[in-house]
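Grab a pencil and get ready to look around.

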Amino acid sequence: SKQEGESWTSCQSGRMETVFIPSGNCCVNLKGYTLIMPVVSVGNVGQLTVDLIISTLTLPRVGYIHSDCLLPVVGNNPYATTSKNSAEICICSEVYASTDRKLAVLQIRSPIIQGKHRLFRQQLLSWIKESEFSKVVTLSSSYAYQRVDQQLIGTPLRYLATPALQTIVGDKFHTLKWKELERVAAFPGINEMEQEISIPGGGITKSLYSDSCTEGIPLAVLLIFCSEGDNIPDAFNLLSFLNEWMELIEKTSDQNTMAQTQWKVPSSWRLLFGSGIPPALF
């Protein structure tokens, strides 16, 4: 709607040829912003985490990603707070942003169509480069049952950072005592010397990271080892991990207390597992 775009400066030049379509009659300038986005992966943890960010920070929608690489989805406003705004429409990929925080958040609500993973990565990276984001944070997950021995000990949280991002953050991750995702044998039992990154169940996470390394994009991958099921606790865990670095909200000494009280659960989560068992059955 026009109201969504009123806080943004009108575009003086022609629209960039990208997959991003701004809301209203304006051109959204995201230069210098930090972009947070999920990858469709195990348990949809990245998407649940992004839901919590958008809901907690009350981020307005500023546009959407137009791509034929995603399955089309339409529904009611997942972050509705009143009966009036609950009737607003949401689609498969939307962008939310805050000018004060210099923060943009991309939410992806549907999987990539088979055979179009590479094209979607190219579209995303093209938009990222044209928008000139200061850095990109990708939230993802990986199958817990496919961990190697050294990944079974300690925290289930891991990170990856491209060389371009490492020059920006310096030793920040080392200071936070984060664990980098371990490389594993490319050919187990045959050649243990050749190591590679492996993110089973992580969707396009690995290829997006590799492409970003090649193209010099400052990108971080934050992921959690998990299994399919009730992944809400995993989302809170991953969000607390992100908050240690980004400080989206004030950190407390008790991370569990923060997860329960300071993050705002979106209204759409009431139906995350359906509408419940009808009492008439009993």
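This is a predicted model: local features need pLDDT of at least 70, side-chain atom pairs count only at pLDDT 80 or more; totals for chains, interfaces and linings use all residues.

**Exercise 1.** Find out where Gln-123 sits and whether Gln-123 is buried or exposed.

*Solution.* 
- Step 1: Go to helix α2, which covers residues 117-131; that's where you'll find Gln-123.
- Step 2: Check the relative accessible area of Gln-123, which is 18%.
- Step 3: Buried means under 20%, so Gln-123 counts as buried.
- Step 4: Look for what Gln-123 touches beyond residues up to four places away in sequence: Val-19, Ser-67, Asp-68 and Cys-69.

**Exercise 2.** Work out which parts of the chain are tied together by the salt bridge between Glu-132 and Lys-31.

*Solution.* 
- Step 1: The two side chains meet with N and O 3.9 Å apart. The cut-off for a salt bridge is within 4 Å, so this pair makes the list.
- Step 2: Place each partner: Glu-132 is in the loop between α2 and β8 (135-143), while Lys-31 is in the loop between β1 (20-22) and β2 (34-38).
- Step 3: The pair therefore ties together parts 101 residues apart in sequence.
- Step 4: For cover, Glu-132 is partly exposed at 44% relative accessibility, and Lys-31 is partly exposed at 49%.

**Exercise 3.** Which elements hold Lys-129 and Glu-215, and how many residues apart are they?

*Solution.* 
- Step 1: Start with the salt bridge: the side chains of Lys-129 and Glu-215 meet at 2.4 Å, N to O.
- Step 2: Lys-129 belongs to helix α2 and Glu-215 to helix α5 (residues 205-215), so you're looking at a link between distant parts of the chain, 86 residues apart.
- Step 3: Lys-129 is partly exposed at 44%, and Glu-215 is partly exposed at 36%.

**Exercise 4.** Which residues make the nonpolar surface patch of about 430 Å²?

*Solution.* 
- Step 1: Pick out Ile-277, Leu-281 and Phe-282; they make the patch.
- Step 2: Zoom in on Leu-281, in the segment after α7 (255-261).
- Step 3: Exposed means over 50%, so Leu-281, at 62% relative accessibility, counts as exposed.

Methods:
Residues are numbered from 1 along each chain as its sequence is written. Side-chain values use heavy atoms; hydrogens and water are left out. Helices (H or I, at least four residues) and strands (E, at least two) are DSSP runs, numbered from the N terminus. Buried means under 20% relative accessible area, exposed over 50%, partly exposed in between (1.4 Å probe, protein chains only). Contact means heavy atoms within 4.5 Å. Patches are made of residues with over 30% relative accessible area and no salt bridge: like charges are joined within 9 Å, nonpolar side chains (Val, Leu, Ile, Met, Phe, Trp, Tyr) within 5 Å. Accessible areas come from the Shrake-Rupley method with a 1.4 Å probe; for residues, only the protein chains shown count as cover.
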